[in-house]
Amino acid sequence: MKLLIMGILTRYFYFGSFFRFGGRGFPPYSKTGMGGFFTVMNSAAEIWPSVLTLLQQELTPTAVSTWFDDAEAVELKENQLVICVPTQFKKDIIVSRYLPALKKVLYDLFAAEMDVTVLTGEEADQYRTSSQPHNENVLMGKEEFTFEHFVVGSSNRFAYNAALNVAENPGKSYNPLFIYGESGLGKTHLLYAIYHTIHQDHPEYNITFIKGDEFTNELQEAIRTKSTDAFRQKYRDKDLLLVDDVQFIAGKEQTQEEFFNTFNNLYEAGHQIVLTSDRPPSEMARLENRLQTRFEWGLLADIQPPDYETRCAIIKNKAIMLGLDLPNDLLEYIAQNITSNVRQLEGTIKRLLAYRDLMGQDINDENTSRAIQALIHARDEYVPSPDLIIEETAKYYSMDPSAIKGSSRMKDIVLARQVSIYLIRSITNLSLPEIGKVFGQHHSTIMHSLEKVEKMMKEDRELSEIIRDIKSNINSRAY
């Protein structure tokens, strides 16, 4: 423990302002002291962006984006960093291939040896439960997503006011609240803000936050283990249910049945339900009519891309939060050139922060332009790997990626494999023989799969919607 603290302090004093919080470095002789400094540093969420930045110097950009983009830092304590990844497959790859690179990066940051523990989503839930006091209901690493930190403009004011109203009057105003909009505009931020406000005002509330695909995965596991009664009890005994990306339950018969009954149970009990999606219920082609009707019972609130003034406010707010002194002319330059979503704005600020803290460079016109161009180029030139495409397809169909790459002839697996082949062909520049190598198949078999999917898409609107959803998830990994 002492070695780690001394390592941090040595690293800090050597690089001066390597880490800054609230715009201030901790001076060597401040009354914050060694214990206080370590307490500030003892935040996995704060250290993780620096870890990712340094990993880009150790690994290829494709490797970092494929295996670490959706990883979450769960906890940093003593000489151990705990991270969470969504699938067992991804965990196995990181453990077998990338632990040395992770440990090297951590040593570079702390000047001390550190262990890394990799957990799946379910393992992380169990870890958090066992490491927190009983009934402690905190979304770790998301503390900054509050109403106070949400920048309000004309494009999101209606959704913000609706979310705030629900948070202040759960179960009494708009139930359900359905927030929809494209990726990266702040829907999830509002969900977390509702969570934090209600938890603060009503600490006795039993709250659950889950993503649509996770609901499906948990249901399938409950069916497999014959524990559906426990599953139902888990979700129907809630004061507040928050579901992010609820569109992923559409088209899945058993999932929709369970969610329908869960919805009814909570609604009739007067308990608050908040849902987010990338589209309104009326545009979910595979959503059952009875669910569409219920989703529209309360209030629909959309979020649009931010206008110029809102973009400027978002940039300024994020820069202040990260301790970055950004001149107005550079702030306006970013707002003029990054227009599509909030994540890209934040990504530009974080890149500038990395230039300053990791490379000792000034925040000037040249580096600001460089940061913007790097982000735009990364987005425009983004070509996902076959493994990433297979992973997202497997996630949608709730199966292991290895099954898709295997030789099983089960109907569901064959369809997922054909969809993966179609997506790889349409998104990447791989040839038929190259795709064949990925799946261990002859290029003529790959051609047959492509023709099969193209024919099915013409006849089956549902499959087209599925492919649209999977492609959207793949593209979101570019941020």
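**View 1. Asp 244 is a buried residue of this predicted model.** With a relative accessibility of 1%, Asp 244 counts as buried; here buried means under 20% relative accessible area, exposed means over 50%, and partly exposed lies in between (1.4 Å probe, protein chains only). Its side chain meets that of Lys 211 in a salt bridge, with 3.0 Å from N to O. A salt bridge is defined as a side-chain nitrogen of Lys or Arg within 4 Å of a carboxyl oxygen of Asp or Glu. The pair links distant parts of the chain, 33 residues apart: Asp 244 belongs to strand 6 (residues 240-244) and Lys 211 to strand 5 (residues 207-211). Helices (H or I, at least four residues) and strands (E, at least two) are DSSP runs, numbered from the N terminus. Lys 211 is partly exposed, at a relative accessible area of 30%. By the salt-bridge rule, the count comes to 20 salt bridges.

The numbering of residues starts from 1 along each chain as its sequence is written. Because the model is predicted, local features need pLDDT of at least 70 and side-chain atom pairs count only at pLDDT 80 or more, while totals for chains, interfaces and linings use all residues; side-chain values use heavy atoms, with hydrogens and water left out.

**View 2. Glu 465 forms salt bridges with Arg 279 and with Arg 468.** The side chains of Glu 465 and Arg 279 meet at 3.1 Å, N to O. Glu 465 is buried, with a relative accessible area of 10%, and Arg 279 is buried at 2% relative accessibility. Between Glu 465 and Arg 468, the closest N and O atoms are 3.8 Å apart. These two residues are 3 apart in helix 22, and therefore separated by about one helical turn. Arg 468 is partly exposed, at 40% relative accessibility. Through shared partners, salt bridges join Asp 278, Arg 279, Arg 286, Glu 465, Arg 468 and Asp 469 into one network.

**View 3. Strand 2 pairs with strand 1 and with strand 3.** Two strands pair if DSSP finds at least two bridges between them. Strand 1 (residues 72-77) runs antiparallel to strand 2, joined by 5 bridges, and Lys 77 stands opposite Gln 80 in strand 2. Strand 2 and strand 3 (residues 115-120) are paired in the parallel sense over 6 bridges; Val 85 has Thr 120 in strand 3 as its bridge partner. Of the 6 residues of strand 2 (residues 80-85), 5 are buried, so this strand is largely enclosed by the rest of the structure.
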